[in-house]
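Please look through the sequence and the structure shown here before reading on.

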Amino acid sequence: MNLMQDMAREQIVAPDKDWWRGAVIYQIYPRSFQDSNHDGVGDLAGIIHRLHHVAELGVDAIWISPFFRSPMLDFGYDVSDYRDVDPMFGTLGDFDALIHRAHQLGLKVLIDLVLSHTSNQHSWFQESVTSRDNPKSDWYVWADAKPDGSPPNNWLSIFGGSAWEWSGDRMQYFLHNFLKEQPDLNLHNPEVQEELLGIVRYWLDRGVDGFRLDTINFYFHDKELRDNPALEPERRNATIAPEVNPYNWQNHLYDKNQPENLDFLRRLRAVLDEYPAATSVGEVGDAQYGMQIQAEYTGGGDKVHMAYSFEFLSSVPPTPERVGQVIDDYEREIGDGWACWAFSNHDVVRHASRWNLGEDARRLYAGLLLSLRGSVCLYQGEELGLTEAYVAYEDLQDPYGIRFWPNYKGRDGCRTPLPWISDNQNGGFSDAKPWLPVAVEHLHRAVARQEGKDDSTLAFYRAMIGFRKSYPALVKGGLTLLHARDGAVSFIREHEGQRLFCAFNLTNTALPVSFPPGTWRQDMGAPFTATERDREITLPPYQAYFGAQEAA
């Protein structure tokens with residue numbers, strides 16, 4: 001084989017290191033995707049059996065929420081063994097088979113990695129708690145009580161109450177930003193960093209294509225343990241349970257978002273860069289400084305690739321003015337960084353219910369989401385148009401909801417099992433009683449009911465994702481906002497000379513929208529209806545227009 005043939009072969013097989021930029025990622029919550037062993041809980045084998053459904057959507061990758069060994073007090077976000085699969089979900093062999101099947105179908109695989117804290121059942125903590133001088137004694141955040149016995153400072157837990165829990169074994173407090181059974185790791189300790197980076201390599205060596213990194217701005221704490229100052233009431237804008245939890249009454253200057261985080265993220269990125277095309281999307285949990293931190297953590301090409309964005313996960317209605325503000329803030333702050341947008345996930349009320357959207361509005365907003373500059377995360381069930389399920393108190397599993405019921409009902413309503421068929425009370429998810437009940441109102445939106453119907457929400461998502469892929473400008477291009485008021489949003493996406501004009505009617509009445517300068521040709525491949533006449537577009541209620549610029 002000559003040199004030219006070698007170079008040609010290398011170009012064919014070389015992976016696209018930039019595949020993540022503009023990718024559409026489908027989040028799978030494994031407990032609720034498909035049960036294969038009849039115990040009422042979804043598992044890895046179930047994901048394998050249903051993976052063709054995800055591939056047919058046309059997405060680029062899947063993100064699997066935690067499946068590691070865990071006591072499951074926070075449903076896998078309390079890890080007791082990072083290098084094994086919890087028997088509830090299967091085995092490492094099942095995971096390897098899932099990777100193989102996903103890659104056969106052209107899907108990348110991201111897994112949810114929780115590096116800020118572990119379960120208190122993890123062997124590291126079991127050793128750390130025994131004394132102040134054991135080999136793991138400094139692997140968690142320990143601190144002495146104040147002279148009066150109270151916690152070291154005023155830091156609060158996201159799940160309510162103090163972020164400090166007393167240990168009678170060590171006669172010290174340990175930090176937990178979440179449940180008291182989720183002690184925070186001490187990343188100021190170099191040994192902890194090395195161990196965590198080793199875990200990253202372990203899963204990359206097993207074939208994963210990257211990670212969704214949970215709560216990346218919680219990795220470090222202020223060494224001096226300074227009190228957080230109060231936050232002005234007008235700035236309290238948390239996305240989860242703001243009405244019942246005083247966590248958002250503090251300005252979290254010292255319990256997260258620490259400068260040391262940037263150096264660790266650079267170390268993590270260096271590990272990712274050892275692999276051909278590994279990527280990362282970091283969850284930045286901060287209501288006040290989210291966009292600024294996203295820019296810091298994704299800028300420069302030496303930290304995380306993308307930041308999971310919370311701007312559209314709140315209950316604030318996405319009016320044109322709100323959408324315009326988010327776009328403006330993003331374009332001003334992000335620089336060479338990159339966002340990953342989402343409307344729904346496993347922690348918030350499904351957006352169809354959160355924003356009280358009808359069928360046409362759900363599709364219109366999906367079209368908008370898939371047209372923004374950045375990558376996109378879709379949460380399982382969005383493609384079916386699922387609403388938030390009602391879960392009775394006696395069926396609740398989420399400790400957050402159990403604690404704050406009835407003012408906050410927790411996160412179970414967005415975690416109910418996916419309906420695959422409609423002629424079974426469990427929606428084809430399981431033959432056994434599911435861990436959460438299948439919502440009756442979801443059955444008429446089951447995959448089987450929508451399959452083969454051109455006017456279904458499922459068909460719309462497939463068409464819109466396909467349309468996005470047909471335009472590099474939508475996938476990787478820049479964005480110029482033109483209009484965001486009076487019921488409409490419009491902007492231009494542009495990439496390497498390709499320009500696409502995108503206009504959206506966010507109201508239930510028809511709206512006229514003017515063309516920007518230039519000659520534009522409507523692309524009828526978009527799954528929307530609109531009419532053109534005399535340099536003006538008429539957008540029917542909850543419809544969109546996409547027009548490509550023609551050469552002069």
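Gly497 lies in the loop between strand E15 (488-495) and strand E16 (498-505), where helices (H or I, at least four residues) and strands (E, at least two) are DSSP runs numbered from the N terminus. With a relative accessible area of 67%, Gly497 is exposed; on this scale buried means under 20% relative accessible area, exposed over 50%, and partly exposed in between, using a 1.4 Å probe and protein chains only. Between Gly497 and Thr118 there are 379 residues in sequence and 48 Å in space, C-alpha to C-alpha.

The model is a predicted one, in which local features need pLDDT of at least 70 and side-chain atom pairs count only at pLDDT 80 or more, while totals for chains, interfaces and linings use all residues. Residues are numbered from 1 along each chain as its sequence is written, and side-chain values use heavy atoms, with hydrogens and water left out.

Two packed helices are described by the angle between their axes and the distance between the axes. Here the axes are lines fitted to C-alpha atoms, for helices over the stretch in contact, and angles run from 0 to 180 degrees between N-to-C directions. Helix H2 (residues 44-57) packs with helix H13 (residues 457-469) at an angle of about 55°, their axes being 8 Å apart. That makes H2 oblique to H13, given that angles under 35 degrees count as roughly parallel, over 145 as roughly antiparallel, 65 to 115 as roughly perpendicular and the rest as oblique. On the H2 side the contact (heavy atoms within 4.5 Å) is made by His53, Glu56 and Leu57, and on the H13 side by Leu458, Tyr461, Arg462 and Ile465. Sorted by class, the contact of H2 with H13 has four nonpolar, one polar and two charged residues; Ala, Val, Leu, Ile, Met, Phe, Trp, Tyr, Cys and Pro count as nonpolar, Asp, Glu, Lys and Arg as charged, and the others, Gly among them, as polar.

H13 also packs with helix H10 (residues 359-369), whose axis comes within 10 Å of that of H13 and crosses it at roughly 15°, and the two helices are therefore roughly parallel to each other. In this contact Glu359, Arg363, Ala366 and Gly367 of H10 meet Thr457, Phe460, Tyr461 and Met464 of H13, and the residues divide into four nonpolar, two polar and two charged.

Side chains of opposite charge can pair when their charged atoms come close. A salt bridge is taken as a side-chain nitrogen of Lys or Arg within 4 Å of a carboxyl oxygen of Asp or Glu, and by this rule the count comes to 31 salt bridges. Within H10, Glu359 forms a salt bridge with Arg363, the closest N and O atoms being 3.7 Å apart; because these residues are four apart in helix H10, about one helical turn separates Glu359 from Arg363. Glu359 counts as partly exposed at 27% relative accessibility, whereas Arg363, at 18%, counts as buried.

Asp60 is partly exposed, at a relative accessible area of 22%, and Lys469 counts as partly exposed at 44%. Arg212 and Asp214 meet in a salt bridge of 2.8 Å, N to O, and both are buried.
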